[in-house]
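Thanks for asking me to look this one over. My notes are below, in the order I made them.

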Amino acid sequence: MDGRTNSRFVDDYLLYLLARASHTLSAEFHATLRRAGVSVPVWRVLATLSGSTPETVTGLAEACLLQQPTMTKLLDRMVRDGLVQRLPDARDRRVVRIEATERGQALVQDLLVAARHHEAQVLARFPDMDPAAFKQLLRAMMTRPGRGRRAVAA
């Protein structure tokens, strides 16, 4: 605060503070993505698929914070660019699963290293904080009441 007696509501509102913190810290990493020529949505898809089994379009849209029609268009471009491929689901032929191609995996590898490095730099700014406990708290915040334990990844 700057010492004013009247403060804006948002300056002490948890959801605003979380959003602003995410925006500020993400912007730092997004500069790395720009230098690599990778858009934020493409990064989110490839990072979500990294170390994972093939995902549904719906699951990817949720994890990447995109609407499903937007995700479908993004995936069309990523398929054309050879970064991901669509696979039929083994149990339900109506479901399409997405996995990173070798090209997509190769593209994301250096970015994963850069992301881990950026995360370490951010966490180093708060030496008294337990990173594991902080991440667990954030996961708990993402769990929607009454909808089980599934959390939305960012």
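1. A word on the basis. This is a predicted model, in which local features need pLDDT of at least 70, side-chain atom pairs count only at pLDDT 80 or more, and totals for chains, interfaces and linings use all residues. Residues are numbered from 1 along each chain as its sequence is written, and side-chain values use heavy atoms, with hydrogens and water left out.

2. I would start with helix 4 (residues 68-80), whose 13 residues reach 18 Å from the first C-alpha to the last, close to the 18 Å expected at 1.5 Å a residue. That expected span is 1.5 Å times one less than the number of residues. Helices (H or I, at least four residues) and strands (E, at least two) are DSSP runs, numbered from the N terminus.

3. Which residues of helix 4 are buried? They are Met71, Leu74, Leu75 and Met78. Seen down the axis of helix 4, these buried residues fall within an arc of 100 degrees, so they line one face of the helix; the arc is that of the directions from the helix axis to the C-beta atoms. Pro69, Lys73 and Arg80 are exposed on the other side. Buried means under 20% relative accessible area, exposed over 50% (1.4 Å probe, protein chains only).

4. The cover over that buried face includes helix 2 (40-49), helix 3 (57-63), strand 2 (84-88) and strand 3 (96-100). Just after helix 4, Gly82 takes a positive phi of about 75 degrees.

5. Now the sheet: it is open, with 3 strands in the order 1-3-2 and antiparallel pairing. Strand 1 (55-56) and strand 2 are the edge strands, each pairing on one side only. Strands pair if DSSP finds at least two bridges between them, and strand 1 and strand 3 have 2 bridges. Thr56 stands opposite Arg97 in strand 3.

6. Helix 2 lies across strand 1, strand 2 and strand 3, at about 95 degrees to strand 3. Helix 4 also packs on the sheet, touching strand 2 and strand 3, and its direction makes about 110 degrees with that of strand 2. Axes are lines fitted to C-alpha atoms, for helices over the stretch in contact (heavy atoms within 4.5 Å), and angles run from 0 to 180 degrees between N-to-C directions.

7. Last, the largest nonpolar core has 24 residues, and those touching the most other members are Trp43, Val45, Leu60, Met71, Leu75, Met78 and Val84. Helix 2 gives the largest share, 5 residues. Such a core is a set of buried Ala, Val, Leu, Ile, Met, Phe, Trp, Tyr and Cys residues joined through side-chain atoms within 4.5 Å.
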